[in-house]
Amino acid sequence: MDVKGIGIPYNAATKFIDEKISFGLGEKTAIYYRDEQITYIELQKCVNKVGYALKELGIEAENRVLLVCYDSPEFITSFYGSIKIGAVPIPVNTMMKPGDYEYYLNKSRAKALIIHEDLWENISAFRDKFLYLQHVIIISDDREKLSGRDYQYWELIKSAPDNVKTSYTCGDDAAFWLFSSGSTGEAKGVIHLQHDMEYALNTYAQEVLQITEDDICFSASKLFFAYGLGGGMYFPLGAGASTVLLSERPLPEKVLSIIETYKPTIFFGVPTLYGSIMDYVERSGNQYDLSSLRICTSAGEALPEAFLKRWKELFGIDILDGIGSTEALHIYISNRIHDIRPGTSGKVVPGYEAKVVDEDGNEVGPNTVGDLLIKGDSLTPGYWNLHTLNKEKIIGEWFATGDKYYKDEDGYYTYYGRADDMLKIGGIWVSPVEVENCLVEHQAVLEIAVVGETTEEGLTLLKAYVVLKDGYSPCDELTNELVNYAKSKLARYKFPRVIEYIDELPKTSSGKIQRFRLRV
């Protein structure tokens, strides 16, 4: 039924959870987590309980719910439980500092926060700074533990009924946000609509990965990233397949153990992890059975050709390199099964369009470097509360990715760098300005510029060029002190791996630092 003023009903929780029950998959395992196997019917009941509990707390349609959750069943039930009642879940990075969560909560104006217990302990002292927050729901491993003036997740949903009325939403309603870093280091709220996950499922997951009910997915990239959200959650659920969740850090030994134990068929990783796994296997001399995998995928940064060859030699499995973005929700250019061209991002995924343009917006010919623009129905309608940026990035139906690319005569796209100073470290965007603003507060630092340094294997590391104040001299002790200072102030992936001391930084006549002159 089409309700006047609203449109044809569409709710992503119905599409990705409820429909699987009607398709007869209720008793099939949806989630493998530690020693648990959660079926689709059990998942549906818990999603409904979360939705009902949120409604009882007064959470209404379009209210935001911030999720600071490890990869766990509670992440998925909180995500879809919110969507089911028309609320808007916002998963965010679990590796951030208290000030970052203050920003996320106040920027989004979230009324509820669902958070794992140890993460809440790190930020609870800042609660008075969370201006719009009304309810805190704490996830504890101890399901009987109470939490004082806040709500304990399992206690809250224990007595809730396992059915709840689905909110009347349509495909063009906001379903969830994801935060993406900006060139100034200030995160941007990327809005996604109810139909966006299905579009990414029908294009990349089905056309490129050829996902089916028989697949088991394992994403080392976390669910709060767009890449991990697809690979670890809505791709397998949308296909009626299964997912394996890892709440801990994806260290090589742990990832290999998960693969051998649960035997996934599709693995989602990033280049730095592939490199770490190969180094670990070669150093340890241990043998690992990865034969359950039929395909691996890579995104976040360009996959070095050497990694592709080395991985194939070690395990006999191909890696499909591709490029996507938070704004597009997932991958829109990718290599394919039986169609891999090493060193490229592959071809445009069916359902998307791409073009490379010059600075005037004119499409350029083959093998000419330009700015990459994309088009497709999973693209964000815009950033939250960033009017000027929306006008800059959204050009009609096209989105300006900020990436430099060229396309060859055969339609393969090759990455050529960023159009701005943003860096991807381990698949995560890092703003040089944020790192600089942190380290310049150290008593020994006069000026600093942070750039990316490419290793022999083609990966990017953070490098800081430091001008010291009078009275300080370069030494290993000071270098270690600066690194530890950055680690104490920033998320752990943002500290510089290399520090070089110089007498002065290159600048323009107006005093702006010219980082490009420092890039090797």
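The salt bridge I want to start with is between the side chains of Glu198 and Lys15, at 3.3 Å from N to O. This is a predicted model, so please hear every value as computed from that model. On burial, Glu198 has a relative accessibility of 18% and counts as buried. Lys15, at 23%, counts as partly exposed. The cut-off for buried is under 20%.

How many salt bridges are there by this rule? The count is 19.

Another one joins Asp318 to Lys312, with the closest N and O atoms 3.2 Å apart. Here Asp318 is partly exposed, at 29% relative accessibility. Lys312 is partly exposed as well, with a relative accessible area of 37%.

Then there is Glu434 with Lys494, a salt bridge at 2.9 Å, N to O. Glu434 lies in helix H13, residues 432-439, while Lys494 is in the loop between helix H14, 476-489, and strand S26, 498-501, so this pair ties together parts that are 60 residues apart in sequence. Are these two residues buried or exposed? Both Glu434 and Lys494 are buried. Some salt bridges also share partners, and in that way Asp279, Glu282, Arg310 and Glu457 are joined into one network.

Staying with strand S26, let me move to its pairing. Strand S25, residues 460-468, runs parallel to S26, and four bridges join the two. Within that pairing, Lys463 stands opposite Val498 of S26. To get from S25 to S26 the chain passes through H14, and this β-α-β crossover is right-handed.

Next, the nine-stranded sheet. It is open, its pairing is mixed, and the strand order is S2-S1-S11-S10-S12-S13-S14-S15-S16. Which strands stand at the edges? They are S2, residues 36-39, and S16, residues 347-348; each has a single partner strand, so one side of each is left without a neighbour in the sheet. At the S16 end, the partner is strand S15, residues 331-334, and the two pair in the antiparallel sense over two bridges. Ser334 is the residue opposite Lys347 of S16.

Five of the six residues of S18, which spans 370-375, are buried, so the strand is largely enclosed by the rest of the structure. S18 pairs with strand S17, residues 353-357, in the antiparallel sense, over five bridges. In that pairing, Val357 has Asp371 of S18 as its bridge partner. S18 also pairs with strand S20, residues 398-407, again antiparallel, over four bridges. There, Leu373 has Ala400 of S20 as its bridge partner.

Now to helix H8, residues 226-239. H8 has a kink of about 30 degrees at Met233, shortly before the proline Pro236. Why call H8 largely enclosed by the rest of the structure? Because 14 of the 14 residues of H8 are buried. Just after the helix comes Gly240, which takes a positive phi of about 75 degrees.

Ser124 is in the loop between helix H5, 117-123, and strand S6, 135-139. With a relative accessible area of 30%, Ser124 is partly exposed.

Last, the domains. The protein is divided into three parts: domain 1 takes 12-16 and 41-192, domain 2 takes 194-418, and domain 3 takes 426-517. Taken over C-alpha atoms, the centres of domain 1 and domain 2 are 26 Å apart. What does each side bring to the contact between them? Domain 1 contributes 37 residues and domain 2 contributes 34 residues.

Methods. Residues are numbered from 1 along each chain as its sequence is written. This is a predicted model: local features need pLDDT of at least 70, side-chain atom pairs count only at pLDDT 80 or more; totals for chains, interfaces and linings use all residues. Side-chain values use heavy atoms; hydrogens and water are left out. A salt bridge is a side-chain nitrogen of Lys or Arg within 4 Å of a carboxyl oxygen of Asp or Glu. Buried means under 20% relative accessible area, exposed over 50%, partly exposed in between (1.4 Å probe, protein chains only). Two strands pair if DSSP finds at least two bridges between them. A crossover is right-handed if, with the strands pointing away from the viewer, the path from the first strand over the helix to the second runs clockwise. The bend at a residue is the angle between axes fitted to the seven residues ending there and the seven starting there. Domain bounds come from an automatic or database domain assignment. Contact means heavy atoms within 4.5 Å.
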